[in-house]
Amino acid sequence: QEVQLKRNECYWDGKPGLDTLTVKNIEDNTKRAMSLQSGELDLMQRVDSASRSLFENDKYKIYETVGTRVFMLTVNYDGILADRSLRRALAYAVDYEALAKIEGNGAVAAGEIFPPTVPYGHVKNKMKMDMDKAESLFKEAGYTEKNGEGIYVKDGRPLTLKLAVWGSKTAMYEAIQAQLRKAGVNVEIMRVQNADAAVAAGGFDLLEQNWITVPTNDPYLFVNQVFRSGHKANRGKYVNADVDQILDRFPMVFDNKEKDRMISEIAEKVIADAPVLFLAFPANNLVGVSKVKNVPVFPIDYYVLTIYIPIDKKTVSSYREFTKNLIGRKEIWETRAAGSLFRRGACMEKRGGSMFLKSGIGRRLLSIFFVVAVATILSFFILHMSPVDPVSLQLQRLGMPPNSELVAELRQKFGL
């Protein structure tokens with residue numbers, strides 16, 4: 001359950017600040033927190049709300065930022081929520097701020113597709129709880145009366161939705177249930193093994209999901225899977241022809257500003273259609289003991305370590321200089337790239353052999369030389385060891401009589 005790592009002296013981006021690193025897989029939140037407290041760990045990824053107070057002191061430091069993951073409820077179009085007005089009524093009946101507080105630990109309310117840490121895809125008016133708008137939309141969907149329990153009734157049937165959940169966010173599920181009941185919607189929570197199992201079984205109206213919205217700082221993968229008509233990951237069977245057309249064009253666009261505009265257009269259409277209720281953006285966090293410095297925390301929770309995690313002051317100083325230059329100057333990347341080239345050269349010499357021969361260009365030139373040499377040798381043997389005179393044969397193919405003087409002249413000319 002652990003991996004031992006050693007510093008790569010030839011790492012392209014500079015010398016790492018740590019000599020060795022042990023990575024341990026501790027899935028249980030409580031055990032992970034206890035391991036940090038006992039000194040078994042120096043740095044821990046993900047502290048939950050229950051353990052957070054243990055590390056809010058001078059012995060530790062919490063590093064966090066809003067992540068790119070989103071907690072959301074997917075709406076099933078195979079049912080009463082095919083009604084756009086009813087979907088939008090639900091969206092206005094949810095208290096996103098309250099849900100973010102329940103998640104805690106740095107989470108922020110959603111109400112749109114992309115978190116505040118992403119510089120694109122934001123809508124002009126993200127969803128917020130507005131009971132007046134919700135009530136108006138319920139009426140628009142034909143729900144004008146409530147029964148004795150305060151639940152909307154239409155055609156003699158109370159408005160009841162089934163919420164399929166599979167994770168551990170029990171407090172959030174119950175809060176959604178309570179919020180919608182207050183708005184006049186009865187919600188029954190049904191537990192399933194996972195999202196795919198819920199789709200296979202059917203019978204749900206709302207489905208718990210969470211996604212990384214920009215896994216590689218590119219939103220296309222997420223929006224193409226979740227909002228593309230007919231895609232397997234489009235578990236609510238959302239359909240919007242305009243969204244599909246934008247998604248068709250997106251891979252062929254290379255201008256970043258145009259891509260941003262297209263993603264924003266998709267976001268506006270999705271929020272207007274309400275095929276998904278975007279609940280909250282959880283924070284990414286790490287907790288380190290005080291001796292560990294310069295711990296980065298990224299919006300995407302796939303990344304944890306950089307070369308700038310040191311224990312000595314020298315590396316701390318270099319990190320500060322780097323971040324200072326990073327803000328206002330692009331030359332730092334050119335300097336680091338040049339330094340990287342010299343470091344690779346030094347590493348190659350240390351390992352033995354020429355830097356040129358071990359570089360990509362050197363290897364390509366050697367392979368080309370080898371191919372040319374082999375082709376030349378084969379041609380030589382074919383021409384000199386063939387039982388048929390190649391000059392005479394070629395003259396015959398051209399319809400010319402094999403004149404001995406012409407043959408001799410051509411053989412001398414071509415060195416045969």
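Biologist: Among contacts between residues at least 6 apart in sequence, what percentage join residues at least 24 apart?

Modeller: This is a predicted model, in which local features need pLDDT of at least 70, side-chain atom pairs count only at pLDDT 80 or more, and totals for chains, interfaces and linings use all residues. Residues are numbered from 1 along each chain as its sequence is written, and side-chain values use heavy atoms, with hydrogens and water left out. A contact means heavy atoms within 4.5 Å. Among contacts in the protein between residues at least 6 apart in sequence, the share that joins residues at least 24 apart is 65%.

Biologist: Which strands stand at the edges of the open sheet?

Modeller: The open sheet has six strands in the order β6-β13-β5-β12-β10-β11, with mixed pairing; two strands pair if DSSP finds at least two bridges between them. Two of the strands have a single partner each, so one side of each is left without a neighbour in the sheet. These edge strands are β6 and β11.

Biologist: In which sense do β10 and β11 pair, parallel or antiparallel?

Modeller: Six bridges join strand β10, residues 160-165, to β11. Within this pair, A164 stands opposite M190 of β11. The sense of the pairing is parallel.

Biologist: How many residues of β13 are buried?

Modeller: Strand β13 runs antiparallel to β5 over four bridges, with F278 as the bridge partner of M72. On β6, V108 stands opposite F281 of β13, and these two strands pair in the antiparallel sense over two bridges. Buried means under 20% relative accessible area, exposed over 50%, and partly exposed in between (1.4 Å probe, protein chains only). Strand β13 is largely enclosed by the rest of the structure, because its buried residues number six of six.

Biologist: Which exposed residues lie on the face of α4 turned away from its buried side?

Modeller: In helix α4, residues 96-103, the buried residues are Y96, L99, A100 and E103. They cover an arc of only 100° around the axis, which puts them on the same side of α4; the arc is that of the directions from the helix axis to the C-beta atoms. Among the elements covering these buried residues are α3, α6 and β13. The face turned away carries the exposed residues E97 and K101.

Biologist: Which residues have the most contacts inside the largest nonpolar core?

Modeller: A nonpolar core is a set of buried Ala, Val, Leu, Ile, Met, Phe, Trp, Tyr and Cys residues joined through side-chain atoms within 4.5 Å. The largest has 70 residues, and apart from it lies another core of 15 residues, among them V47, F55, Y60 and V292. In the largest core, the residues with the most contacts are F138, L180, F227, F278 and L279.

Biologist: Is R7 buried or exposed, and what is its relative accessible area?

Modeller: R7 is placed in the loop between β1 and β2. Its side chain makes a polar contact of 3.3 Å with that of E9; such a contact is a pair of N or O atoms within 3.5 Å, where within protein one must be able to donate a hydrogen and the other to accept it, and residues adjacent in sequence count only if both atoms are side-chain atoms. A polar atom of the R7 side chain also lies 3.2 Å from the backbone oxygen of P16. R7 is buried, with a relative accessible area of 18%.
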